[in-house]
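Here is a short report on salt bridges. It covers who pairs with whom and how accessible the partners are.

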Amino acid sequence: GSGSNGVIFVARDSAVSPDGQPVEYAVKCIIKADKGTRRYALQRQEIDFHRRLSHHRNVVTLHRVIEEKHYLFLVLDYCRGGDFFTFLSKRRDYRGDDDFVRRMFLQIIDALEACHNAGIYHRDIKPENFLISEDGTHLFLTDFGLATTNLYSITYGAGSSLYMSPGASFLHSFSYTLLIPTCSTECIGIDASRPAYNTAANDVWALGVILTSMISGHNPWNVASPTDACYAAFTAHPAFLVEMLPISPAASTLLQRIFRRERAPRITLARVRQAVQAADTFFMRPENIARAGEYLRSAAETYFAGGRLESYYMSGAGDVPGEPRGRLAPGESGRPGSASSTLETSGPETPELRAQQLHVDVSDGCTQGGESYLPRRFASREPSSQSKPQAMPGAGSTGPGFLRRIVDRFLVE
């Protein structure tokens, strides 16, 4: 496979393991940057961050780094289950399963908590950056290429826009500059007067987007910007998500606490964990799905279709112990003629789950041993630029090696 910064190969250790089977690893091949350059600093920082967290049970183990003239090879655990985004998109047996959602989401929290406890803020938390075990029971965080040790950053747009908080989004600041010039300084432009955003809070925000996709098959919006119709609807009416998607009141309440604007008190990871553990269910009850407006019912049908719990959630006959059938739980929507129906016939539609591979290279004052990796001209500020494939050493020469041709092909494509 390939990503924005390298190509991944599966390698087999020729030495036989105790069980008689060769051990397979994932080897990430990175074009080695010239020493003293910004890209060199970012490569060394990514390796350093990954090494510091590699011991954690929910972080992909980095076994070894092999360095040669033109390449760096990162020898990692090979996770046969693939990435979590593909799992969420292709697998349907987990949909509607509260125990599965709780167990997997708590592992995501565990991995992020380990990062924050180490003073590392990932800035690219998304399902594509979690790998899953072959049996589908364990998750492992990877890709520390955009991580930083700065709790506050002015590197806007670092990461993937689907998962960015408003304060971190370049588009958010740009739209505010053009459309709402009277906004407070938090929202103004991309100049130096704009306040830094909290990188830890930005990571927590991404958790809310992941949870939404896990329990509904939808993203809440495309970007947390006032120009996004779904985000604008949510800021105007916080019950927007529970009125559009088949999620429970407990899930809606948690998402509202996660998706608070920067100047409002943000929920902590510890509080997110408590809410996830305490939630009775993450899914709307069947009888309320049946009573919901057309858009919510359609979203539910698409999400639960083909899953082992489809007949339960789409039967419209779910029973809650101690409550009359059909009674709405507090905070649950879906009544004919309710705000939900109005939104579903004339309001914005939440986007279905989709992949995003947008990355931005960042510096964030990369340091090692108290000294900056970066030349002085880069260390004074946090510039943001779109990552571009780097020319291969010797590319275009008369006889490039096999590996060089392979990596060139992946990076161009």
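Buried means under 20% relative accessible area, exposed over 50%, and partly exposed in between (1.4 Å probe, protein chains only). By that scale Asp97 is buried, with a relative accessible area of 17%.

This is a predicted model: local features need pLDDT of at least 70, side-chain atom pairs count only at pLDDT 80 or more, and totals for chains, interfaces and linings use all residues. Residues are numbered from 1 along each chain as its sequence is written, and side-chain values use heavy atoms, with hydrogens and water left out.

A salt bridge is a side-chain nitrogen of Lys or Arg within 4 Å of a carboxyl oxygen of Asp or Glu. The count comes to 13 salt bridges. Three of them are tabulated here.

| Salt bridge | N to O distance |
|---|---|
| Glu67 and Arg44 | 2.8 Å |
| Arg57 and Asp110 | 3.4 Å |
| Asp97 and Arg308 | 2.5 Å |

Helices (H or I, at least four residues) and strands (E, at least two) are DSSP runs, numbered from the N terminus.

Glu67 and Arg44 form a salt bridge. Glu67 sits in strand β3 (residues 62-67) and Arg44 in helix α1 (residues 38-53), 23 residues apart. Glu67 is partly exposed at 42% relative accessibility. Arg44 is buried at 16%.

Arg57 pairs with Asp110. Arg57 is in the loop between α1 and β3, and Asp110 in helix α3 (residues 98-117), 53 residues apart. Arg57 is exposed at 57% relative accessibility; Asp110 is buried at 14%.

Asp97 bridges to Arg308. Asp97 lies in the loop between α2 (84-90) and α3, Arg308 in the loop between α11 (294-304) and α12 (310-313), so the pair ties together parts 211 residues apart in sequence. Arg308 is exposed, at 52% relative accessible area.
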